[in-house]
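Hi,

Here is the structure I promised to pass on.

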Amino acid sequence: SSAASDVYKRQIQYHVMSGTRNGVAFRGTRRYGYLPDNKEGREVLELLKTAFERRLTFVVGTSVTTGRTNTVVWNGIHHKTNLSGGPAMYGYPDPTYFNRVKQELAAKGILPNCIDVTQPNNSFQ
C-alpha cells in the first residue's frame with residue numbers, strides 16, 4: 001500500500017530540554033513527525049528511534065527558520081512534519097521519502113540490520 005492511502009497512526013514526539021553545553025546555554029525544542037502505519041513506516045520508526053537513542057537526531061546550532069543561534073535543530077535526518085503538502089511542505093505524498101531517509105540514516109551508521117522490526121518498541125510512539 002502507498003503512504004498516501006495508509007492511516008497515519010504513528011506520530012513521533014520529540015521534546016529536547018534547554019540546557020548548557022560547554023558553558024553556553026542553548027534553547028530546547030519540541031518537534032513532531034508522522035509516519036504511515038505500514039511495514040516501511042514501522043521500519044523507519046525503529047531506525048529513527050535508534051538514531052535518537054544514539055543522539056544523532058538533533059544538534060545545537062543555528063535555526064534555518066528563525067535564525068536563532070544556540071538552539072536545538074534537526075541534524076540532517078529528514079522527518080515528515082506535515083501529513084499533507086508534499087515534499088515542499090515536509091509532508092506526504094512523497095514517493096522518495098523512505099529511500100531518502102534510509103540513506104540519511106545509513107550515512108550516520110543506522111542500518112536496517114541494527115533493528116529488529118518484529119519486536120517493535122511501543123514506548124516510542
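This is a predicted model: local features need pLDDT of at least 70, side-chain atom pairs count only at pLDDT 80 or more; totals for chains, interfaces and linings use all residues.

Residues are numbered from 1 along each chain as its sequence is written, and side-chain values use heavy atoms, with hydrogens and water left out.

The chain has two helices and six strands (DSSP runs numbered from the N terminus: H or I of at least four residues for helices, E of at least two for strands). Read from the N terminus, the order is β-β-β-β-α-β-β-α. Of the 125 residues, 36% are buried (under 20% relative accessible area; exposed is over 50% and partly exposed in between, with a 1.4 Å probe and protein chains only). If you take contacts (heavy atoms within 4.5 Å) between residues at least 6 apart in sequence, 57% of them join residues at least 24 apart.

Now for helix 2, residues 97-107. Which of its residues are buried? They are Tyr 97, Phe 98, Val 101, Glu 104 and Leu 105. Looking down the axis of helix 2, these buried residues fall within an arc of 130°, so they line one face of the helix (the arc is that of the directions from the helix axis to the C-beta atoms). As a reminder, an α-helix has 3.6 residues a turn, so residues three or four places apart point the same way. The buried residues of helix 2 pack against strand 4 (29-35) and helix 1 (39-53). On the face turned away from the buried side sit the exposed residues Asn 99, Gln 103 and Ala 107. After helix 2 comes Gly 109, with a positive phi near 85°.

On to the charges: there are seven salt bridges in the structure (a side-chain nitrogen of Lys or Arg within 4 Å of a carboxyl oxygen of Asp or Glu). One of them pairs Asp 37 with Arg 10, at 3.6 Å from N to O. Asp 37 is in the loop between strand 4 and helix 1 and Arg 10 is in strand 1 (residues 10-16), so this pair ties together parts 27 residues apart in sequence. Arg 10 is buried at 16% relative accessible area, whereas Asp 37 is partly exposed at 25%.

Glu 40 and Lys 102 form another, with the closest N and O atoms 3.0 Å apart. Since Glu 40 belongs to helix 1 and Lys 102 to helix 2, the pair ties together parts 62 residues apart in sequence. Glu 40 is partly exposed, at 30%.

Then there is Lys 80 with Asp 94, at 2.6 Å from N to O. Both lie in the loop between strand 6 (71-74) and helix 2, so the pair ties together parts 14 residues apart in sequence. Lys 80 is buried at 3% relative accessibility, and Asp 94 is buried too, at 9%. Salt bridges with shared partners also join Arg 10, Asp 37 and Arg 42 into one network.

Last, have a look at Thr 71 in strand 6. Thr 71 is buried, at 7% relative accessibility. Apart from neighbours within four places in sequence, Thr 71 is in contact with Arg 27, Gly 28, Val 59, Val 60, Gly 61 and Ser 63.

Cheers
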